[in-house]
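Here are my notes on this one, jotted down while going through the coordinates.

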Amino acid sequence: MKPFVLDHADSPDAALAALDAGATAIAGGTNLVDLMKLELATPEKLVSIRRTGLDEISADGDGLMIGALVSNADCAAHRRVREGWPLLAKAILAGASPQLRNRATTGGNLCQRTRCGYFYDSTQACNKREPGSGCAAREGFNRIHAVLGTSDQCIATYPGDMAVAMLALDAVVMTEGPYGPRRIPLAMFHRMPGDEPSRDNVLEAGELITAVRLPAPTGGVQVYRKVRDRASYAFALVSVAVDLAMEEGRIARCALAFGSLGTVPWRDRAVENVLIGEKPTPALFAQAAEVLLKDAQGFGENDFKIPLAARALAATLHEATQTGKA
Amino acid sequence: MAATTLTARVNGADRPLPADARRTLLDWLREDLGLTGTKKGCDHGQCGACTVIVDGRRINSCLSLAHLHEGDTIETIESIGTADALAPLQKAFVAHDGFQCGYCTPGQICSAKAMMQEFAEGWASAVSEDVAARPEFSTDELRERMSGNLCRCGAYSNIIAAIEEVMATQAQPGRAGA
Amino acid sequence: MALPLADLYNTPDERNLLDTMKQGVIGKPLDRPEGPLKVSGTATYSAEWKRSDCAEGFLVLADIAQGTVKAIHADKVLAMPGVVAVLSDEAMIRRSTQGTAGEAPAQDVHTVDYFGQPVALVVAETFEQAREAAQALEIEYDAAAEPVPLDPQSPDAKIEEPSDSKPVKGGDLDKAMREADYAIDVEYDTPGHASAAMEPHATIAEWDGDRLTLRGSYQMLAFNVKEMADCLSISPKHVRILAPYVGGGFGSKLGITHEAVAAAIASKQLDRPVRVVMTRQQVFQTVMRRSETRQRVRLAADAAGKLVGLGHEARVSNLPDEDFAEPVTQATEFLYGGENRLLKVEVARISRMTAGSVRAPGEAVGMQVLEAAMDELAQKIGMDPIELRKRNLPVKVPVEGTPYSSRKLVEALEQGAESFGWDKCKTEPCQTRNGDWWIGMGVASAARVNVMIPAKARVTLKADGTALVETDQTDIGTGSYAILGQIAGEMLGLPMDKVDVVLGDSELPPGAGSGGSFGAISTGSAVMRACEAIRDKLAKAMGCKAEELELQDGSARHGDARQSLGELTGGKDIVEVGSIKPGKTFKDYSQASYGAFFAEVGVHAFTGEVRVRRMTGAFGFGRVLNAKTARSQCLGGMVWGIGSALTEELAFDVRDGHLVNHDLAEYHVPVHADVPALEVILLEERDAAASPLQAKGVGELGICGAAGAVANAVYNACGVRVRSFPLTLDKIIPHLPDPFASPA
């Protein structure tokens, strides 16, 4: 770990000033300190934003404003989240460990970097870590890698769970920055690698996440299915978030998002359109999977994610539509 | 550079934070304060051996910089009970053989203590039937909630038995909402 | 130095002394005496000793697989804050040391044998400074002119016979296979495994003149002293190792590892204590791996399900010149019949970190495959898999012809089956569906060879009537403190609070060390013999024969005579050193611990995820010395079995030879949620051939075959037979039945 200067900001404005001067924000540190120890991140200046007061959950009209510093644990334990947006609580609780959730924050988790083993190993070529060095994962051990949204330069996934639920819930990321406040729909927040895989998201230099806003509760059936090797404390191989409503035996409304399948939390309206207005049947689920995976490309070790995603989608829709009927 | 006067409260005493901003909470506890009961198993938040309780919540001390804890209240295994005066959880771990090599044990015990508090506050888990409801007690709930603490000796069954015994003893009707 | 002949265990000790004693502590499920220290965080592990002026060392690993170090650009690093030295000494070790080597492994880190090999040590005032400097150290390499392959399946890999074992051949297996009523010929793969002990390898070295003291994490101190002395070309008498608490070993700490030698050299050079702690990633990359295996199993059975042929051939791997070859067929030699047989192991020479002992070398992966193949045979014949096993237990070891000392396999299968409810197992797969989960049951035998290692222990009966047990034996979580105290307490008639046990100091008489499940029976026998010698003296003082002497609660009785032990010592400590060495009983008898595993699993009908729902193990390993710690050993083994069956796999990139999943986030050891209710049944058994304690090894038995039971349960659940461990979902989903279809 390289030496750094650590400052403490006591307000969002102070944090923004520090960021403007080139500092990197640190909140829970569960990802950043991990990366710094391996010198995969080498900030010269850190600004702690822990005391900026952005740790409240508050009503915002019918919606909910979750401060960027609300810990994952507090978010999942919050009564309003659990009642109105259970999908979010479920996704958070499926991630990491209780200790990590107590420390990790809402804003930090959105910025979590990939778990690609080649990104995490400075002896290996990685365009995300070191632009232009190549991608050792494409022809390497890529079991956990993406099959959607990849590029010649990078096939790494965004590994988290929370953002997948937020994507299905039409969340909006609230930021402040040198050019003023922005409201970034979660669907626009993460960047596919393209030819610039080092940038995971659309945050500009000096920009700070202040909150995530959830729109009004849908009252739908919400299921988060995380498929992984271990029963707990493991990253997803594939995860599926669904929020749907049934009317007269048909799927009336449906939002779907997928984790660890694409390079970013994945949502495809065309998949939802296949389902909406239809009676839930295995054939329909298969049709939806076909649309979802039509452009999917495996890289060897991760080929299985394509059939797995179809199966996980079927299981999730089966469960949600059965529950919805009841 | 003059030693920092910033402090954190560790096991009831204010202690000066380390000079090197790179020092993690874990290394500060172990190296500067001599509190080696908190273990370093992976240094990357992947095993839970370094679990301590900060402001009532369990965290991985290896993934936090000491300087981020100014003014925080930190409890380590040393504050839970001593070899001569073990806390109920510690006694139960001994009685149920909830450890073998003992290296993950302080982390398991700190984690269990904070987990019991989380449960008492009605937090749900990934295996809770209804995330909006107050969770029902079950062994599967305990297993899920303790899954951030690895034990390579494989003492899991005994660890869970020890925690269950303590929770059963401490369970009181009407405790809900605590 | 040759031990006196009397130390050799040549004839089974049928006196069964422990059962004739009066104290009643042997076998009891007593708490570990060191428990309060461990649960309060006050047991001191390797890196935790406070030494004044201690410098911090950080290893630097090679980022090529094979070559030579051309240049180390130390100057830049030496100018960094706090840095005091950059070492790349010829005495530093390239490879970790094999268990019981007793000599230096390959030295001189300027040659690189595998990706991740330590090549240098950076020493600084603080850990943070050392880590930063180590990360900044630039090293240039020349690539090896004639590199060995990186992949054990490479056609270019040189294949050798193990240096320490020969194939077992009998009759004509090919013919037996051709003519059999039922024949199975299958190939299984098992991946490499890591020990992943929770405490990373660490050493604090300090010199006092020419005397070196190491505080570290080691399993076998008497061997480790010699290994260190050989590395440094000093006398073993000048090396002392202290390891009172060891945070798990599982084979990875049998021999000395890189950090220890580097710390010793740095400490000598700097004339101050030096601590080197490996990072978790370094532990994964440099210390022992269990070799991956490719195993071919051939089973030929007659119409009645009796084996007439048995083949078990394995390819394993290791670095060139390493003697160790995962002894995959070790238990196959004696477990089942089949006079036509071929058992064979071959080693592919490749470039990966040293392959060596990881908990239950041989049986851990050999038994899980053999037991899965036996299940395939049972399925083919249409016979209950327990019945198939019972029909194939030979009277004597095939080919060799040696008799069995004691074998509780039938009892384990029967009692385990009853407790588990095996009668509810459906004979055909895909019969039970619970919501989204297919449910199935599987069974497997357990077997693990019994080994004794020469051991000594000193027991002092003090004038105050208390006893002190001293040996360099380690307790790596196995329960040595508990059981050695119980043996002494039982033999000397003392309650446990009157017995003190001091371990883990190489200046004490050399015990067996911890490994190969031999610690308890070897060192325990030495303790027992020391106690016998003390009993002889007490009997003499009492004026009776030793066998007439009754010792209980600190009192000696003979007939109506009664005296306190304190009185009998005559005010002087009685000090005896007990000793034992494996002798003829190990040639005259086939000795092994046996058992049976029963697993119930759920396989997710959509996603193929496998979760173990419950598991029973029934085990016979001679006398149980402490029912609590023995049960814990079995539980731990079964957890390893779950990991081996479902999640654990070292993933190498065969392009450059690096280990991809070198941390605990991606090398998946089981977590709490992976481990369901586990039941352990301890069978009553006495095995006089195995040790005077009538006990056999237990530390590894719980893993030997466990993964086979899980794999068999997966087949029973969903009809998918996966011949590649671990049974991750990607291998299962292509073969799953339609999840929406009703159960067959």
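**Notes on the model**

1. Starting with chain A: the C-alpha centres of domain 1 of chain A and domain 2 of chain A are 36 Å apart. Domain 1 covers 5-48 and domain 2 covers 221-325. Keep in mind that this is a predicted model.

2. On to the nonpolar side of things. The largest nonpolar core has 427 residues, and those with the most contacts inside it are Val122(C), Val710(C) and Val714(C). Setting aside residues up to four places away in sequence, Val122(C) touches, among others, Phe58(C), Val60(C), Val77(C), Val83(C), Val86(C) and Leu137(C). As a general point, nonpolar side chains tend to be buried together in soluble globular proteins.

3. Is Val639(C) buried or exposed? Val639(C) is buried, because 27 other C-beta atoms lie within 10 Å and the cut-off for buried is 20 or more. Val639(C) sits in helix H16 (residues 627-646) of chain C. Leaving out neighbours within four places in sequence, Val639(C) is in contact with Gly154(B) and Tyr156(B), and also with Pro670(C) and Val675(C). Ile703(C) is 64 residues away along the chain, yet the C-alpha atoms of Val639(C) and Ile703(C) are separated by 7.6 Å.

4. Last, a helix pair in chain C. H12 (residues 480-492) and H13 (residues 519-542) pack at an angle of about 25 degrees, with axes 9 Å apart. H12(C) and H13(C) are therefore roughly parallel to each other, and their crossing is right-handed. Residues making the contact include Ile483(C), Leu484(C) and Ile487(C) of H12(C), and Val527(C), Met528(C) and Cys531(C) of H13(C).

Conventions
Residues numbered from 1 in each chain as written. Chains lettered and ligands numbered in written order. Predicted model: local features only at pLDDT ≥ 70, side-chain atom pairs only at ≥ 80, totals over all residues. Domains from an automatic or database assignment. Core = buried A, V, L, I, M, F, W, Y, C linked by C-beta atoms within 7 Å. Buried ≥ 20, exposed ≤ 12 C-beta atoms within 10 Å, placed from the backbone. Contact = placed C-beta atoms within 7 Å. Helix = DSSP H or I, 4+ residues; strand = E, 2+ residues; numbered from the N terminus. Axes fitted to C-alpha atoms, helices over the stretch in contact; angles between N-to-C directions. Parallel < 35°, antiparallel > 145°, perpendicular 65-115°, else oblique. Left-handed = near helix turned anticlockwise from the far one by under 90°.
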